[in-house]
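Keep the picture in view as you read.

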Amino acid sequence: MVRRRFLSSGVHALRGLLLLLLLRLPVTPGTTCPTPMSVEHADIRVKSYTLNSRERYVCNSGFKRKAGTSSLTECVLNKTTHTAHWTTPSLKCIMIISTSVTLSVVLVVCALVTCIKLRRIFQPTAVEMENLEVMPMTRGSSSREEDQGNY
């Protein structure tokens, strides 16, 4: 009797598996992915649009892949809609800053800071100027009376 139950449960399991296989909509042969999405500052050259194919984006010249991001995308099937699509890559391409540019910026900033400090050090201190009475210039005479006669 135990053997009979075991065989009976095995038959039911096979029937259930067969039913699942029959209900599952088959993938149309030749199903392919559309053009992959664009990624800022990156290009992709697709070799195959078929299901399960994997492709990699490449950052443009002057950019590099940000650490922790992936350039990989894969053509997969959405089992609900039975359509193929590319997975969304996490790729971020960031601008490369060369060491010579960085060094130049550092040198310019240091020069500006030094200039500002030197101006503060060597700036003349404020001196109060005495108000002098404006006197007209005379030719060879130091007498005020003669000056008045010239006018």
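Of the 151 residues in the protein chain, 13% are buried, where buried means under 20% relative accessible area, exposed means over 50%, and partly exposed covers what lies in between (1.4 Å probe, protein chains only). This is a predicted model, in which local features need pLDDT of at least 70 and side-chain atom pairs count only at pLDDT 80 or more, while totals for chains, interfaces and linings use all residues. Residues are numbered from 1 along each chain as its sequence is written, and side-chain values use heavy atoms, with hydrogens and water left out.

The accessible surface of the protein chain is about 13600 Å², and carbon and sulfur atoms account for 61% of that; such areas come from the Shrake-Rupley method with a 1.4 Å probe, and for residues only the protein chains shown count as cover.

Now follow the fold. The protein chain has 3 helices and 6 strands, which are DSSP runs numbered from the N terminus (helices: H or I, at least four residues; strands: E, at least two). Along the sequence they come in the pattern α-β-β-β-β-β-β-α-α. If you take the contacts (heavy atoms within 4.5 Å) between residues at least 6 apart in sequence, 41% of them join residues at least 24 apart.

Next, look for the disulfides, pairs of cysteine sulfur atoms within 2.5 Å. The structure holds 2 of them. In one, the sulfur atoms of cysteine 33 and cysteine 75 are 2.0 Å apart. Cysteine 33 sits in the loop between α1 (2-23) and β1 (42-44) and cysteine 75 in strand β4, so this pair ties together parts that are 42 residues apart in sequence. Both cysteine 33 and cysteine 75 are buried, and their link is right-handed, with 100° about the S-S bond.

The other disulfide joins cysteine 59 and cysteine 93, with sulfur atoms 2.1 Å apart. Cysteine 59 is buried at 18% relative accessibility, as is cysteine 93 at 11%.

What other kind of pairing can side chains make? Side chains of opposite charge can pair when their charged atoms come close. The structure holds 1 salt bridge, meaning a side-chain nitrogen of Lys or Arg within 4 Å of a carboxyl oxygen of Asp or Glu. Arginine 54 pairs with glutamate 74, their closest N and O atoms being 3.8 Å apart. Arginine 54 lies in strand β2 (residues 54-59) and glutamate 74 in strand β4 (residues 72-78), so the pair ties together parts that are 20 residues apart in sequence.
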